[in-house]
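Colleague: I would like to learn how to read the features of a structure like this one, step by step. Could we look at it together?

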Amino acid sequence: MREAVREREFREFAEARQGQLRRSAYLLCGDWHQAQDLTQTTLMKLYASWGRIRRDGNVEAYARTILTRVFIDQYRKRSWREEPTEEVPEPGSAEPPDTPELRLVMQAALMELPPRYRAVLVLRFWEDWSVEQTAEALRVTPGTVKSQSARGLVRLRGLVEGLAGETSGR
């Protein structure tokens, strides 16, 4: 009976959060198929520890921590690589800041960052985690999160400006 309740609770969590996890995974890796693989691996690891995690508390934070660590571990193993397949479209100068073109430029720039910077920026600014939550998830100090956030943002800005310049010069 307890096993059935455990499985039902996990299934409900997975169905409710799978889309959010996949979107976060996509921001980390830049490929929807790889994002699906990351999401599935995350859910498998989460299921293996479901009883303990459920008792300990914040299941969602734990799931995002697993996702980020799986991404970094897979990147370190070089088991898959990013390959750009499309050109970044030209952003128009009169367009509002939140356009599909800008999102594509931002995505391309994000994919140029090293995985550690990418993970810090996604957790801090996409997931809206605190410095402390990000540090705990990545097993680093808060100072490391702050410095990687600052350096990552500087590099991201430079990349976005370069990509935006390339597309507007065509």
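**Reading the helices and their contacts**

Modeller: Let us start with T42, which is found in helix α2 (residues 32-48); helices here are DSSP runs of H or I with at least four residues, numbered from the N terminus. This is a predicted model, in which local features need pLDDT of at least 70 and side-chain atom pairs count only at pLDDT 80 or more, while totals for chains, interfaces and linings use all residues. Residues are numbered from 1 along each chain as its sequence is written, and side-chain values use heavy atoms, with hydrogens and water left out.

Colleague: Is T42 buried or exposed?

Modeller: Buried means under 20% relative accessible area, exposed means over 50%, and partly exposed lies in between, with a 1.4 Å probe and protein chains only. T42 has a relative accessibility of 0% and therefore counts as buried. Leaving aside neighbours within four places in sequence, T42 is in contact (heavy atoms within 4.5 Å) with A63, I66 and L67. A polar atom of the T42 side chain also lies 2.8 Å from the backbone oxygen of L38.

Colleague: How should I read two helices that pack together, and at what angle do α1 and α5 cross?

Modeller: Two packed helices are described by the angle between their axes and the distance between the axes. The axes are lines fitted to C-alpha atoms, for helices over the stretch in contact, and the angles run from 0 to 180 degrees between N-to-C directions. Here helix α1 (residues 2-29) and helix α5 (residues 100-112) have axes that come within 8 Å and cross at roughly 65°. On the α1 side the contact is made by Y26, L27, L28 and C29, and on the α5 side by Q107, L110 and M111. These residues divide into six nonpolar, one polar and no charged, where Ala, Val, Leu, Ile, Met, Phe, Trp, Tyr, Cys and Pro count as nonpolar, Asp, Glu, Lys and Arg as charged, and the others, Gly among them, as polar.

Colleague: How many salt bridges are there, and which residue forms one with R17?

Modeller: A salt bridge is a side-chain nitrogen of Lys or Arg within 4 Å of a carboxyl oxygen of Asp or Glu, and by this rule the count comes to five. One of them joins the side chains of E9 and R54, at 2.7 Å from N to O. E9 lies in helix α1 and R54 in helix α3 (residues 50-56), so the pair ties together parts that are 45 residues apart in sequence. The partner of R17 is E60, with the closest N and O atoms 2.7 Å apart. E60 lies in helix α4 (residues 59-77) and R17 in helix α1, so this pair ties together parts that are 43 residues apart in sequence.

Colleague: Which other residue meets E60 in a salt bridge?

Modeller: The side chains of E60 and R64 meet at 3.5 Å, N to O. An α-helix has 3.6 residues a turn, so residues three or four places apart point the same way. E60 and R64 are four residues apart in helix α4, and are therefore separated by about one helical turn. R64 is buried, with a relative accessible area of 7%, whereas E60 is partly exposed at 27%. R17, E60, R64 and E127 are linked in a network of salt bridges.

Technical notes: A polar contact is a pair of N or O atoms within 3.5 Å; within protein, one must be able to donate a hydrogen and the other to accept it, and residues adjacent in sequence count only if both atoms are side-chain atoms.
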